Amino acid sequence: MTYIPSWPVLAPRSLLGHVPARSLPFPLSAPRRHSFYVARGGIYHLVRALGCADGGTVLMPDYNSGAEVWAVRAAGATVRCYHVGRDMQVDLDELKALCDLRPRALYLIHYLGWPQPVNEVKILCRERGIPLIEDCALSLLSEVEGRPLGTFGDFAVFCLYKSLPVPNGGLLVQNTDGPSALNGLELRPCSRVSVVARSSELLLMWLRARSDPLGAALLRGKRAAGWTLDRLGVARHPIGDISPEFSTAGYDISKLDTAMSPWCAGLLDRLDYQAIVRLRRENFLRLAGRLKGRVALARRDLPEGVCPLFLPILVPDKAAASRALREHGIEAVEFWNYGHPDADGQAGPDAAFLRRHLLELPIHQDVTTAQIDFMAERVLRLDPCA
């Protein structure tokens, strides 16, 4: 059976052999960056450093994962949502009106690799004296006008493990001059058990993509080992844990000062970033070409510089479509079925539409051409009602 994982997997070749010297791209080369275990740690400490802990307002999009809203709320700030359209673009007129309310910061999400009108938002923030925070968690390695996303705002946040085969890692980058917003922050090392557990899972996913029976069996064994550790009370740091209540172990404020693992930093030096961007773009174009005119594509365009995270499609019943693809070994991603409950009341109809119908297909650097063709075939066979 074919197995196509949602996220990049860790290939053994990434661990072995000589790696030719190459320069790291932004944000890995940014001179003023802080590395966290997960990105929400950087968001939390940034919002506190900006002086929002007294209830200051942060403008945030109503289409969000909820994790970033949780981090801003946990830092003591108030969230005021602005609307995002079905095209996942912001409304500049609404942003201008909301900026009259004197928010302490404006939080801008670049969705799935495609840029927001960031130059216009940057000018707006500069005119109003509002710090701009770019959320590039879904847009690592993307550029607009030859300039990396995350270099326009005063600050930028990245989630490395969504785009790269690493077990953890979030980055907070400061682009402006002046004292670091996070001077004096001391981070704690993450647990080795957490790093080993996630790294082994990524390796086994690589194996499963090549031998589904063997890889699936070993992954079941790995999960049984995790269950045993839970029973023994061995704490780990989760990643990607988004639940409706936002109350799992990853939402413990006392753990937000956990650093990215040194193992993760070592892996980052071994990756070929130009190849990652090229392969993602090639996979996107091939899959989009196979589905064009027969499936509703949420994004058909692929401007120069965009490094797509997924191929987003629109389906009537997201859960049913995801389930049908999973039965054939395709791990589609359901971004984002719900947001943070504190912001739900501010969500507009377009955000609700995206939560109901937007399904993401994997096109990352580890998906082969044959797997892209297989995925296209299975998507075209989906029940029209799914």
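1. A nonpolar core is here a set of buried Ala, Val, Leu, Ile, Met, Phe, Trp, Tyr and Cys residues joined through side-chain atoms within 4.5 Å, where buried means under 20% relative accessible area, with exposed set at over 50% and partly exposed in between (1.4 Å probe, protein chains only). The largest such core has 125 residues, of which Leu 106, Leu 291, Leu 311, Ile 313 and Leu 361 touch the most other members. Helix α8 (residues 273-291) gives the most to this core, contributing six residues.

2. On provenance, this is a predicted model, in which local features need pLDDT of at least 70 and side-chain atom pairs count only at pLDDT 80 or more, while totals for chains, interfaces and linings use all residues. Residues are numbered from 1 along each chain as its sequence is written, and side-chain values use heavy atoms, with hydrogens and water left out.

3. The protein has 11 helices and 12 strands, these being DSSP runs numbered from the N terminus (helices H or I, at least four residues; strands E, at least two). Its radius of gyration, taken over C-alpha atoms, is 20 Å, close to the 21 Å that the globule rule (2.2 Å times the number of residues to the power 0.38) gives for 386 residues, so the protein is as compact as a globular protein of that length. The C-alpha trace spans about 55 × 50 × 45 Å along its principal axes.

4. Of the 386 residues, 54% are buried. With contact meaning heavy atoms within 4.5 Å, residues 24 or more positions apart account for 73% of the contacts with a separation of 6 or more.

5. Ser 261 lies in the loop between α6 (212-231) and α7 (262-268), and it counts as buried because its relative accessibility is 2%. Not counting residues up to four places away in sequence, Ser 261 touches Asn 168, Cys 190 and Val 195.

6. Gln 371 lies in helix α11 (residues 369-380) and, at 10% relative accessibility, also counts as buried. Its contacts, again without residues up to four places away in sequence, are with Thr 2, Tyr 3, Ile 4, Ala 209 and Asp 366. The C-alpha atoms of Gln 371 and Cys 81, which are 290 residues apart along the chain, are separated by 39 Å.
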